[in-house]
Amino acid sequence: MNNIFKFSFYIFLTLAFAWLAFVVGAKNQYGDLEPTAESLEEDGSIAPDADLFPKAMSGLAQLGAKEYLSLGCATCHTQQVRSEEAGFDVERGWGKRPSVPRDYILQDEVLLGHNRVGPDLTNVGLREYSNEWLHQHLFMPQSIVEGSICQPSPFLYETFDESEENTIETTLDGQQIFIKPSLRANRIVAYLESLKQDYELPEIAFSESIDDADLVAEATDTNESATEDSDTAFPTWLASQMDSGKDIYQKLAPGGGMCVTCHMPTGLGNKTAGIPPLAGSDWVLGDKERLIKISIHGLMGEIEVNGEKYIGAMNGFGQTLAAPLDDNQISDVLTYIRNEWGNSASSVSAEEVAAVRDEYKERPITQMWTTAELEKNPASD
Amino acid sequence: MKKTSEQHIDQSAKLAFSFFIASAGLWLLAAALLAYIAAAKLTDPLFLASWEIFTYGKIKIIQANAFVYGWGGNSIFAVSLWIIARLSQSLIRGSTFLIFAGTVWNLAITFGLFGILDGYMLGHELLEMPKEVWPALFVSYLVISFLILVVFRSRKQSTTIAPQWFIVAALIWFPCLFIFAWSGLEINPGRGTLSSILSIWFGQNIIWLWLTPVALGCAYYIIPSVLNRPIDKYYLAIFGFWCIAALAPWSVVHHLEGGPVPMWVPAIGTVMSIAMVFPIAVASTNFHSTAFQDISRVWNYLPLRFVIFGTLSYTISSYIGVIFSLPAVAKLTQFSIINEFHFNQRVYGFFSMIIFGIVYHILPQITGREIGTAAKNFHFWTSAFGVFAILLAYLIGGLTHGVLAQQPSLEWVTVIESVKPYFLITEYAFIILGFSQLVFVLNLWKVLVPNPFACCDSGAKQKTA
């Protein structure tokens, strides 16, 4: 105790032991979790056609997570469903099952939180809130939930007295007004909608008390649209690209699933959330280079698709996400969207993607394109 | 002869001490204002709603950071500087460096808090300030703590006593904690909930291994020195010290009970939290059985009254904390506003009260000027009442919150409606605390910056002294 160096060393050791357990030990135990299927084969392997969970969030939702963090939402909202022995969360209907470590492995910002002045948001995307409702709530919670003490965020919206394009009707002090979500508001809502743990994992099943009839219905819904067009015949050289592209679009492949969340399985997008359609889109069917640039770096701001204006942002998938797409994957998914939902256009090759990537290698990967920029650069054809 | 050497030490500490305690006071005022805004926004969410920077999430976070790093950090520097110098009987050297590093520390916190307001918050508990400010904070901390440890190293007596262990350990714990947390959160981040374990570990340990030991060290210093009698059962102190050192880093993770982490993490946390009764009992015995031997002196000497308020609050609330870490109780209250009770108890009821006491003890010795008794008494009673009201409101409110939340049939908004009255109480209590802290800062002001209009008066006092 009397020698400062010895003393410091002991003090350091007290922390180092705990650190060994909580950081090194825990990392060793579950630091290498990977997405897996809802149930495993008997030999413990993943069936080749199984859907893998958890899925990566859409690009928009990943940006939304950052907005959620910067507004300090996590001060009042947790994102963890406690185990049934340890809490009442499942009973309260906050989740179909307790959360497990694997649910969080693909999230950039893990915001478990430890205060519940507001309700838990782990599964807010599963509750029956419409997109409008979430926007109305974000704008002024008190206008739809009386007595709420959730903080209003009017600074994320433009208000109008009359209905305009892309506005949502709501009330403020008893008066009807119209609000137009900003880019940030759209991101936050996309994030909230993406929050759901609606799948089972080998280590955790749905809690018994939950009636899973709804879930079965949901599952068949999505499967239907996925299998609908699978019989369309393509030449073999295109078919493999189409299959792989579809997997990436719809989530099966690593790094996939980011397109479908916003552009929907139907390729029709979501007009109220500012997501343009891909089906029949002049941008998808038109110039390839432009399309490749958007896929790599992303796009933000206003875009006019088939004469309609949309405002929003799309992450580029060359970005440093949890699992960025490589040239092959980008070419596959672009080929897929150019030839699905009645679209028909030439395929995109990995070389074309590589060429664009090379040409713009100076451009920071997170710097999104704007339509003005894309139009200024006359296309190669 | 002894008197003169103490005066020399005080003289050498005067500049740096005044600088740190003045900055601490300003941060305390800022934190009080922010605490009021945050409380008011919970009772009326429309208050200041149209400004993004005043949104509750941001205000609440910067309040905690201003309090812990601004008020906590600066006051830790100030009191440990003086206590270490006095106990080592060595002069403080490098005041210029201390003040320079202190300025960097304060500027870095200021930038960090504005960074949070501007939307660059990090998602780690008490590490929310943007990445860019941490190197500056860390380096300035190292400079300050190095200069304090140099004083400790040049001490006249080779044996050390309890206040030195606690304070020196706290000075060393902070950078170690920071390096461990920073390497696991930013340099080589683990995936998924690995970072959540580390984040809660850091955030809670800052309170347990930085603020707490300094306050305990101050109590170990001031009680025997004012009462002029040895600490009762002093041989237990070393056991208490190593218990905290060995248990606290493990106990804090009990907050993850039931969460998406391996089960052994909260299980260890719970066991170690229960074991924390030993160090709490030791500190409590040491302080209170000494203090109660001469209770009239404790009551009449205001700095000691502050300190004993703090140690009593530490004892009672730490036992309550142990109860709330039991899984059966945590089931109800784990995420309720009981957490506010724990935080406020520790930073206001315990740490701040002890710091107020020790500062009132040090200031007259350093500056040679006395603070008016009425002003000090007003500060004590408003603080005591405010802290009491806040803690009671959060305790009862937290229990209500937890018990009602457990009933699935109740809508969430109904649960919150029934907690609202307690938010209102805390709002008023924060106003009272704000006033009390304003009085504290005015008291500091009065002795640190002599009023030019009262020069003759204070001169006369000095002559008589």
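Helix H3 (residues 131–139) and helix H5 (residues 183–194) of chain A have axes that come within 10 Å and cross at roughly 120°. Axes are lines fitted to C-alpha atoms, for helices over the stretch in contact, and angles run from 0 to 180 degrees between N-to-C directions. H3(A) and H5(A) are therefore oblique to each other (under 35 degrees is roughly parallel, over 145 roughly antiparallel, 65 to 115 roughly perpendicular, the rest oblique). A:Asn131, A:Leu134, A:His135 and A:Leu138 of H3(A) meet A:Ala185, A:Ile188, A:Val189 and A:Leu192 of H5(A). Contact requires C-beta atoms, placed from the backbone, within 7 Å.

The model is predicted: local features need pLDDT of at least 70, side-chain atom pairs count only at pLDDT 80 or more, and totals for chains, interfaces and linings use all residues. Residues are numbered from 1 along each chain as its sequence is written, while chains are lettered from A and ligands numbered from 1 in the order in which they are written.

H3(A) also lies across S3, S4 and S5 of chain A, at about 35° to S4(A). Helices (H or I, at least four residues) and strands (E, at least two) are DSSP runs, numbered from the N terminus. The three strands form an open antiparallel sheet in the order S3-S5-S4. Strands S3 (157–160) and S4 (168–172) of chain A stand at the edges with a single partner each, so one side of each lacks a neighbour in the sheet. S4(A) pairs with S5 (residues 175–181) of chain A over five bridges; pairing takes at least two DSSP bridges.

Chain A gives 63 residues to the contact and chain B gives 68. H1(A) supplies the largest share of chain A's side, 15 residues.

Definitions and conventions
Two residues are in contact if their C-beta atoms, placed from the backbone, lie within 7 Å.
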